[in-house]
Amino acid sequence: MIKKTLLFGFLAIVFVVPVGLLGLQSLAGSWSYPDLLPSVLTMDYWGRLVSRNNLLIPLLSSFLYSLGAVLLSLVLTLPAAASLARDRIPARDLWELLLLTPAVIPAVTTALGNHYWLSRLSLTDTPGLIVVMLCFYSYPYLLRSLTWGYRLLGPELGAAARNLGAGPVRVFLQIELPLLWPAIFSGSSIVFLAAFSDYFLVSLFGGGVVPSFATVIVPALASSQRSWASVLALVFLLFPLIVFAGLDLVLNKWQRRRSLT
Amino acid sequence: MGAPRSHRFPVALLPLLVFAGVLTLAGILPSLVGSLEGWGELAADPRFLSSFAFSLWVATVSSLGATIAGLLLSLAIYNLKGAQRVFAQVYRIPLILPHLTVAFLTLLIWTPSGFLASGLHSLGLLDDPQILGPVLYSGWGWGIILTYLLKETPFIMVLVLASLGQMDSQLVLAARNLGAGRWQIFRQVFWPQCFGSLQTGFIIIFLYSLGAYEVPFLVGESYPPMVSIQLYGSLFKQDPSQRAKALAFLIVIFVFSLVFLYAYFRASKKAQNQEDT
């Protein structure tokens, strides 16, 4: 029993308290050593979020380029994952490893080189390039998830549908897509999260020209304005979660309506 | 279609291969060409060497620490039931926290005027908060290491718990009935089951922490810099004479990571083959 108490105490202190701290700090009007709790609580910093509406554009821009990275990743990885899961490919493990490398090899190495020639061609500082680069460094998460999904799905259902006369588009939309949905959703959320919370690639390839929430909050995080920084850090954390929850809700509803008809 | 298709290389893989191949080669080849004159200088410059050594230190300590902590915590919680099992899921919280946020948390908690100092003080355990100063500013990278520990331990736990979930729970019972002690059960039941995930997890977080930019940017000391900071600094901020040297350094990091990854691939293949025979 004591062991269990210690275990749960440890889990709470390490994994829950830090986030609670972030919430408390965001409400702290003044909080300095050696006070255990803030001496003044205030909503001022959260109010600032509304009054300073200049955060809306960066937030929207981050949302859009992250979504772009997800969509581009889906287009590129769906056929590849199906093939990795089903086809007999010579040295498949090696190809799979090679395709996963962009997410594993430190991004600085290839990013700085790509930035060099892309800036010569004046292709940097554009949202399109940010989408391409974010996709390049995070599509492997989606590829892995989809390859697993396709392996679990197996080829039988698709073959049966084809035998009944369904074309490839119909097989994908009506058979594979609904069954692959968990793999698509989880892989896409990782890509979205990675893209949304990226700072290095966005500031390198966006050059400060493309608005981004990450580049807005980093100076605040590094400053001594802890309460304002905590508000921004919480938005940075909660925004993608709200997006996922909303998407999940909408899609569930849509699917239920479809299954009723 | 039910049976595997032909033995030719599948066309469906090509778009992704071309995309990834072009961006990898285009990312490395210009640097390789630009580095040609820098190799001699690189060997003579202790700043790059110390940056590499420092990054290896930080990556090794944080990844080993996260791997060990992740394994122990997974073993502690994998068998929980009911409400306890639900509560234990809090370990997933850091998974959704961006690295930048975790780094900011490290600052909130560990600075000499931070939360830990206040907490210890109110418990009567701390008189002088400056004792905590060395945590973030000693030059040993503890701020970076603590950040990665908090962020990557849950990542290891996800992998380990997934492989423990595939295990037949009767195995532990059988081993116990046959008279195996706790250590023997760990060594002969849990360890072989988890080893693959530990290896995969370690490689991923090791290479990530070796090269990532965000965390050292926020909580790193100014000297020695992690490789990402050193590279960015010498390619963008300093004089052009540093360029060839920095590019040579970039190639070193790239090749090191590739070799590391490939060695892992070979090792895991070997393990797989042994399992199959």
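## Basis of the model

Residues are numbered from 1 along each chain as its sequence is written, and chains are lettered from A and ligands numbered from 1 in the order in which they are written. Because the model is predicted, local features need pLDDT of at least 70 and side-chain atom pairs count only at pLDDT 80 or more, while totals for chains, interfaces and linings use all residues; side-chain values use heavy atoms, with hydrogens and water left out.

## Chain A: architecture and loops

Chain A has 11 helices and two strands, and its elements run α-β-β-α-α-α-α-α-α-α-α-α-α from the N terminus on. The C-alpha trace spans about 70 × 60 × 45 Å along its principal axes, and 48% of the 261 residues of chain A count as buried.

Most residues other than glycine have a negative phi. Ala91(A), in the loop between H3 and helix H4 (92-104) of chain A, has a positive phi near 55 degrees. Asp125(A) also has a positive phi, of about 65 degrees; this residue lies in the loop between helix H5 (107-120) and helix H6 (127-153) of chain A and is partly exposed at a relative accessible area of 33%.

## Salt bridges

The structure holds four salt bridges over all chains, each being a side-chain nitrogen of Lys or Arg within 4 Å of a carboxyl oxygen of Asp or Glu. Glu176(A) pairs with Arg86(A), their closest N and O atoms being 3.1 Å apart. This pair links helix H8 (residues 168-196) of chain A, which holds Glu176(A), to helix H3 of chain A, which holds Arg86(A), across 90 residues, and both residues are buried.

Arg151(A) forms a salt bridge with Glu96(A), with the closest N and O atoms 3.6 Å apart. Arg151(A) lies in helix H6 and Glu96(A) in helix H4 of chain A, so the pair ties together parts that are 55 residues apart in sequence. In chain B, Arg47(B) forms a salt bridge with Asp45(B) at 3.2 Å between the closest N and O atoms, and salt bridges that share partners join Asp45(B), Arg47(B) and Lys245(B) into one network.

## Helices of chain B

The axes of helix H3 (residues 46-77) and helix H9 (residues 142-165) of chain B come within 7 Å and cross at roughly 40 degrees. Helix H13 (residues 227-237) of chain B is mostly covered, eight of its 11 residues being buried, among them Val227(B), Tyr232(B) and Leu235(B).

Technical notes:
Axes are lines fitted to C-alpha atoms, for helices over the stretch in contact, and angles run from 0 to 180 degrees between N-to-C directions. Helices (H or I, at least four residues) and strands (E, at least two) are DSSP runs, numbered from the N terminus. Buried means under 20% relative accessible area, exposed over 50%, partly exposed in between (1.4 Å probe, protein chains only).
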